[in-house]
Amino acid sequence: MRVVHLKETHSMFDLQGKVALITGGNGGIGLAMARGLASAGARIAVVGRNPDKLQAAVASLCQQGAEARPYAVDVCDEAAVAALMMQVVDDFGQLDIVLNNAGTNIRKPVQELSLSEWHTVLDTNLTSAFLCSRAAYPHLKKRGGKLINIGSMTSIFGASFAPAYSASKGGIVQLTRALATSWASDQIQVNAILPGWIDTELTQKARVEVAGLQERIIARTPAGRWGTPGDLAGIAVFLSSPASDFVTGTAIPVDGGYSVQA
Ligand code: NDP
């Protein structure tokens with residue numbers, strides 16, 4: 001039997017010498033995952049649209065002792081995404097980890113949703129992951145790499161107030177499986193994280209728009225609380241590190257037990 005020594009366990013999660021790109025890394029869950037990866041030694045490319053949030057996120061990562069740079073890019077823009085990957089590799093010399101985390105929601109019943117609202121949500125949550133993954137592939141392939149997509153509880157369950165969001169997050173799981181099977185032989189592992197209900201800007205809005213949501217979530221979550229962005233940092237480090245080298249195509253809930261509650 002192979003015995004894993006303490007020092008070896010530590011190095012399994014070591015991201016020294018790795019470069020990670022995180023879309024939507026300028027706030028919420030993305031920034032918390034960026035902090036986790038930076039703590040494990042990765043250098044970070046932070047991607048978002050809002051320049052003030054970008055500067056603040058990079059400043060806080062640098063304050064933590066990380067090397068981080070901001071990239072103001074709309075991840076729905078095919079040409080901008082292609083240029084982004086080239087720029088990151090120019091700046092850092094390599095790209096090893098991509099977290100497709102940027103996301104949005106428009107909460108309306110399906111009969112009230114316009115086609116343009118549908119496209120906004122699908123483009124931001126799903127098409128962007130396709131664009132970023134495709135543009136990153138030649139770089140990840142050079143040394144093997146890690147790709148992480150962010151799904152949701154709506155990857156599993158329906159939500160009457162979020163038809164486009166649910167479709168996009170269901171699609172993220174299937175995209176993850178397709179990429180995992182395509183790129184396993186390139187030593188690229190592709191996995192999805194399915195966060196439960198996490199306290200961020202996105203859900204602060206939901207709590208205003210959906211009556212009783214705050215209480216319903218606590219009642220259904222065995223852990224008895226909403227998640228914090230920091231609850232996602234550990235799984236992001238695991239899926240970015242050598243510890244997960246034989247894990248691919250999975251969709252892992254991080255939800256305080258929400259998805260296993262009867
Ligand atoms: P936030 O609203 O805090 O973060 C969303 C991020 O996405 C922002 O940093 C935003 O940057 C970025 N973003 C949105 N659109 C674009 C775009 N077109 N181009 C570039 N960046 C973009 O929400 P969360 O942190 O909660 O969400 C992060 C991810 O986690 C999303 O995919 C979300 O669906 C998912 N998720 C969240 C849950 C929760 O409970 N909070 C539960 C399940 C999944 P900027 O402001 O600069 O545009």
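Reader: Which helices and strands each supply at least two residues of the lining of the largest pocket?

Author: This is a predicted model, where local features need pLDDT of at least 70, side-chain atom pairs count only at pLDDT 80 or more, and totals for chains, interfaces and linings use all residues. Residues are numbered from 1 along each chain as its sequence is written, and side-chain values use heavy atoms, without hydrogens and water. Helices (H or I, at least four residues) and strands (E, at least two) are DSSP runs, numbered from the N terminus. Those asked for are α2 (28-39), β2 (43-48), α6 (163-183), α7 (201-209) and α8 (213-220).

Reader: Which of them gives the largest share of that lining?

Author: A pocket is an open set of points on a 1 Å grid over the protein atoms alone, where a 1.4 Å probe fits, with protein on both sides within 12 Å along at least five of seven lines; lining residues have an atom within 4 Å of a point. The largest pocket has 49 of these, with G103, T104, Y165, T200 and L202 nearest its centre. The largest share is five residues, from α7.

Reader: Is T221 buried or exposed?

Author: T221 sits in the loop between α8 and α9 (233-240). Buried means under 20% relative accessible area and exposed over 50% (1.4 Å probe, protein chains only). Because its relative accessibility is 6%, T221 counts as buried.

Reader: Which residues is T221 in contact with, leaving aside its neighbours within four places in sequence?

Author: The T221 side chain reaches the backbone oxygen of I217 at 2.7 Å. Contact means heavy atoms within 4.5 Å. Beyond the neighbours within four places in sequence, the residues in contact with T221 are D255, G256 and Y258.

Methods. A polar contact is a pair of N or O atoms within 3.5 Å; within protein, one must be able to donate a hydrogen and the other to accept it, and residues adjacent in sequence count only if both atoms are side-chain atoms.
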